[in-house]
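Hi,

Here is the structure I promised to pass on. Have a look at it first, and my notes follow below.

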Amino acid sequence: MKNIPNILTLFRVILIPFFVLAFYLPIENSFYIAASIFFIAGVTDYLDGYIARRWNVSSKLGAFLDPVADKIMVITALVMVVGDHDRIAATVGEHSALWIMIPTLIMIGRELAISGLREWMADLGKRANVAVGNAGKWKTSLQMLALGGFIWQQGPWMVYLAYLVFYAAMVLTVVSMLQYFAAAWGELTSED
């Protein structure tokens, strides 16, 4: 915990309960507070990676904690947005739950599949074969942007834009998953 990227990552983990609390606070503007916390978490995600690369600072703890912090924050936001579909339906109309649930299930399913694949590849000593790629980084950025829009909901235009970005993130979710499985395909199909 002696380097700044690890401190930023830990700060992002600490923000999660405050994000959830702000989202459900029964006060006016609670969604703005939650969106602000989510935005700060997104900025720390960018900063910890940027600083680690720029200063050539890395650690085993950071390599473990950074993707875990991202997944916990994104999955928490996905679950909260799905659970809050009534507010989105009031803004954009009926059936919003279905249009949010489908990409959410794909995104969460992908995270579980890739986490399992990485663990299995690590057991084989080939974890580097399934390192994070650009599609995965873009997917995370688009997820955070879309989720921020769903949380903030400044108006119908923001919700519609969030849907557009959310579905773009879903496409990148599938693309990045296929890339990871393609990278591991030789190991997955080899004989024991």
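**The second largest pocket**

Sorted by class, the residues lining the second largest pocket are five nonpolar, one polar and five charged. Please keep in mind that this is a predicted model. The volume of this pocket comes to about 270 Å³. Its lining is made up of Lys-60, Ala-63, Phe-64, Pro-67, Val-68, Lys-71, Ser-115, Arg-118, Glu-119, Ala-122 and Arg-127. Two elements, helix 3 (60-83) and helix 5 (96-123), each give two or more residues to that lining. Helix 3 provides the largest share, with six residues.

**The nonpolar cores**

Which residues have the most contacts inside the largest nonpolar core? They are Phe-19, Phe-38, Met-73, Leu-147, Phe-150, Ile-151 and Phe-166, in a core of 32 residues. At least two core residues come from each of helix 1 (4-24), helix 2 (30-54), helix 3, helix 5, helix 6 and helix 7 (156-189). Leaving aside residues up to four places away in sequence, Phe-166 touches Leu-78, Ile-100, Pro-103, Thr-104, Met-107, Ala-146, Leu-147 and Phe-150. There is also a second, separate core of six residues, with Leu-117, Met-121, Tyr-180 and Ala-184 among them.

**Helix 6**

Helix 6 spans residues 134-152, 19 residues in total. From first C-alpha to last it reaches 27 Å, close to the 27 Å expected at 1.5 Å a residue. Gln-153 follows helix 6 and has a positive phi, near 50°.

Happy to talk any of this through.

Best wishes

How values were computed:
Residues are numbered from 1 along each chain as its sequence is written. This is a predicted model: local features need pLDDT of at least 70, side-chain atom pairs count only at pLDDT 80 or more; totals for chains, interfaces and linings use all residues. Side-chain values use heavy atoms; hydrogens and water are left out. Helices (H or I, at least four residues) and strands (E, at least two) are DSSP runs, numbered from the N terminus. The expected span of a helix is 1.5 Å times one less than its number of residues. On a 1 Å grid over the protein atoms alone, a cavity is a set of points where a 1.4 Å probe fits but cannot get out, and a pocket is an open set with protein on both sides within 12 Å along at least five of seven lines; lining residues have an atom within 4 Å of a point. Grid points are joined across faces, edges and corners, and a volume is the space filled by probe spheres set on the points. Ala, Val, Leu, Ile, Met, Phe, Trp, Tyr, Cys and Pro count as nonpolar, Asp, Glu, Lys and Arg as charged, and the others, Gly among them, as polar. A nonpolar core is a set of buried Ala, Val, Leu, Ile, Met, Phe, Trp, Tyr and Cys residues joined through side-chain atoms within 4.5 Å. Buried means under 20% relative accessible area, exposed over 50%, partly exposed in between (1.4 Å probe, protein chains only). Contact means heavy atoms within 4.5 Å.
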